[in-house]
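Dear colleague,

Here is the structure for your files, with the sequence alongside. My notes come after it.

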Amino acid sequence: MSLESILSSINSLVWGPPLLLLLSGTGLYLTFRLGFIQFVHLPRALSYLFRREKGAGKKGDVSSFAALCTALAATIGTGNIVGVATAVQAGGPGAVFWMWIVALLGMATKYAECLLAVKYRVRDRQGFMAGGPMYYIERGLGIKWLAKLFAIFGILVAFFGIGTFPQVNAITHAMENTFNVPIPFTASIITALVSLIILGGVRRIAIVSSYIVPFMALLYVVTSLIILLLNWQAVPQAIGLIVYSAFNPTAALGGALGYTVMKAIQSGVARGIFSNESGLGSAPIAAAAAQTKEPVRQGLISMTGTFLDTIIVCSMTGIVLVITGAWQSPSMEGAALTNYAFSQGLGSNLGATIVTIGLLFFAFTTILGWCYYGERCFVYLAGTRGIKIYRFIFIVLVGCGAFIQLDLIWLLADIVNGLMAFPNLVALIGLRHVVVAETKDYFARLKLNKVDADEMQ
């Protein structure tokens, strides 16, 4: 039995009905229990991105916006470009629909986990804010072994999942395909740059992310919008195909073999979670460092990350893949497929250039964000003494990611992502009453003008 077949079997087990039901069930419960907070309060959440909270500077390490950009740095990456392409190839256009569903429900999940991260965070011995699922599982649920299990899975995701292999592999191969840059050369440059930045800690990662993420996300979205405008007549049909094939893939795709509803759901949910990380427990680690006094406020800000990542950026990629017909090209995969779609959409190689540049920066910031996440998990387990060992291993794995087969990379990433989600979702269910109580208290005070979050500094 080959390694790929073994990993495929494990992946099918991890991403089977239990995890799918746990993810969707948690998001659905929180959506109803919190009064559809992701829809009702999305305008307020977006407005908070540009408003500073009075007197919150002493309560965290970086601004709320910088904390969001750190989280977005870890989410907007290969999942938006390569992940969407692999999802559509594996599950058909219907996979995009299930990415939308998991994102809409995931906004409530992201809100809850980031609220809890701020509520249960602590200051470590170095004076930095430390928080995330490890801390709200231990301090909120009182189950220390489950907190340690989450931290172990978090390190595995940083080492073998989202943090290294998929990002480096995507960057190096895209650079080779678009600009004919040798893979070993690109891998060496990435490894060197990562080494320089991660030694600066969360503040340096946040600064780099705050500049790169908004600019590159805007460039990518604008390019996608241009393609949609140039092909506006095909857009309604493409969206119709996405929705219809989510439930009737065989009929929608002319009897194409291999496409089933379950495959569309599995591909859409797995790639959606890979992209926006809602329920995974990663974003709360960044949210815990935010300069805020209000857990609910940071929860609202953090949930916009899922909206921006999947509902905006992933949707653009998915629709472009469908309207150009690129998703039906069996000879291409990953970044090459998205490059082809954008080139077809613009009628120029400029499309592939923009995708490659976007992928380069998105994936690079994802590596930085996940280095920080894994490091926080490592510190929770072992303290700060061995932090240099963690960083050394991470850098070595970054250098290796370019030379591993793409199919194995995505299988391994999906497995460790799923494992990381389990303890976090258990914690969200166990602490659901805390989330609801904090939410009610915040909005009650807001009505009485007793919340500093609405005051400008």
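This is a predicted model: local features need pLDDT of at least 70, side-chain atom pairs count only at pLDDT 80 or more; totals for chains, interfaces and linings use all residues.

The pocket. The largest pocket holds about 600 Å³ of space. Its lining consists of 21 residues, and those nearest the centre are Ala 90, Lys 263, Arg 271, Leu 411 and Asp 414. By class, the lining has eight nonpolar, seven polar and six charged residues. Four helices each supply at least two of the lining residues: α1 (3-14), α6 (78-91), α15 (261-276) and α21 (406-430).

The helix pair. The axes of α6 and α15 cross at roughly 175° and come within 9 Å. The two helices are therefore roughly antiparallel. On the α6 side the contact involves Thr 78, Gly 79, Asn 80, Gly 83, Thr 86, Ala 87, Ala 90 and Gly 91, which meet Lys 263, Ala 264, Ser 267, Arg 271, Phe 274 and Ser 275 of α15. This contact is made up of eight polar, four nonpolar and two charged residues. Ala 90, Lys 263 and Arg 271 take part in the helix contact and are also among the residues nearest the pocket centre.

The threonine. Thr 304 belongs to helix α17, which spans residues 295-323. Is Thr 304 buried or exposed? Its relative accessible area is 0%, so Thr 304 counts as buried, the cut-off being under 20%. Apart from neighbours within four places in sequence, Thr 304 is in contact with Leu 42, Ala 45, Leu 46, Leu 49 and Leu 68.

Regards

Definitions and conventions
Residues are numbered from 1 along each chain as its sequence is written. Side-chain values use heavy atoms; hydrogens and water are left out. On a 1 Å grid over the protein atoms alone, a cavity is a set of points where a 1.4 Å probe fits but cannot get out, and a pocket is an open set with protein on both sides within 12 Å along at least five of seven lines; lining residues have an atom within 4 Å of a point. Grid points are joined across faces, edges and corners, and a volume is the space filled by probe spheres set on the points. Ala, Val, Leu, Ile, Met, Phe, Trp, Tyr, Cys and Pro count as nonpolar, Asp, Glu, Lys and Arg as charged, and the others, Gly among them, as polar. Axes are lines fitted to C-alpha atoms, for helices over the stretch in contact, and angles run from 0 to 180 degrees between N-to-C directions. Angles under 35 degrees count as roughly parallel, over 145 as roughly antiparallel, 65 to 115 as roughly perpendicular and the rest as oblique. Contact means heavy atoms within 4.5 Å. Buried means under 20% relative accessible area, exposed over 50%, partly exposed in between (1.4 Å probe, protein chains only).
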